Amino acid sequence: TLLGTGSAWLVTAYEFPSRRALPWALLLPLAVPTYIIAFAYLDLLHPIGPIQTAIRALLGYDSPRQFRLPDLRSIYGAIFVLGFVLYPYVYLSTRVMFMTQAASLLEAARTLGAGRYGVFFRVALPLARRYIPASRPDRQRPWDLTGSLQVMAGLILTAYALKELGRAQPSWLHAGLACAA
């Protein structure tokens, strides 16, 4: 959510070199299947992979037993990979909202003395909160739980999949049928 919202704000609110190419480049994780990125993540960050080998060489260690990064096959690794692969969905919806926001509201905030961060956190972000999939609902519309429900469904399905990953008996088909039911 942070990566998608932050990149959407940068692309819509600021002028910088290569700004025209960045909106398309930020969508590239959608072009690669998630499981391929997960395999690449595991291969690159494996204890005998190139990244950990380079870190050990820089620190002067010889063996993976002397220095290892935390285990990659954990819930934190899954959150990292899924967040990196799925942020374009947040980016797309948030970017559309930032592009369609009334510029007069942002200019009024600037005129009243708000800085760049104040304009973002006090004006632009509250207006865009409905369009950020993992945000909490509006105070004016407490029944609009779309973002919260998406987050809860994702967490429940992830926990269920991780639980089933260690079992041999129920197959993934059974897990999918159980989730669908």
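**Close-ups of a predicted model**

**View 1. Gln101 and the residues around it.** Leaving aside residues up to four places away in sequence, Gln101 is in touch with Leu106, Ala124, Leu127 and Ala128. This is a predicted model, so keep that in mind for every view here. Gln101 sits in the loop that runs between helix 5 (75-100) and helix 6 (103-111). With a relative accessible area of 9%, Gln101 is buried, because the cut-off for that label is under 20%.

View 2. Glu15 has 68% relative accessibility, so it counts as exposed.

**View 3. Tyr41 pairs up with Phe80.** The whole structure has 8 aromatic pairs, and one of them is shown here: the ring centres of Tyr41 and Phe80 are 5.8 Å apart. Their planes are at 40 degrees, so this pair goes down as tilted. Tyr41 comes from helix 3 (residues 34-45) and Phe80 from helix 5, so the pair ties together parts that are 39 residues apart in sequence. Tyr41 itself counts as buried, at 13% relative accessibility.

**View 4. Phe120 and Phe121 meet edge-to-face.** These two rings have their centres 4.9 Å apart, and with planes at 75 degrees the pair is classed as edge-to-face. Phe120 is buried, its relative accessible area being 11%. Zoom out a bit and both rings turn up in one aromatic cluster, together with Trp9 and Phe98.

Key
Residues numbered from 1 in each chain as written. Predicted model: local features only at pLDDT ≥ 70, side-chain atom pairs only at ≥ 80, totals over all residues. Heavy atoms only, no water. Helix = DSSP H or I, 4+ residues; strand = E, 2+ residues; numbered from the N terminus. Buried < 20%, exposed > 50% of the residue type's maximum accessible area, 1.4 Å probe, protein only. Contact = heavy atoms within 4.5 Å. Phe/Tyr/Trp six-rings, centres within 6.5 Å; stacked < 30°, edge-to-face > 60°.
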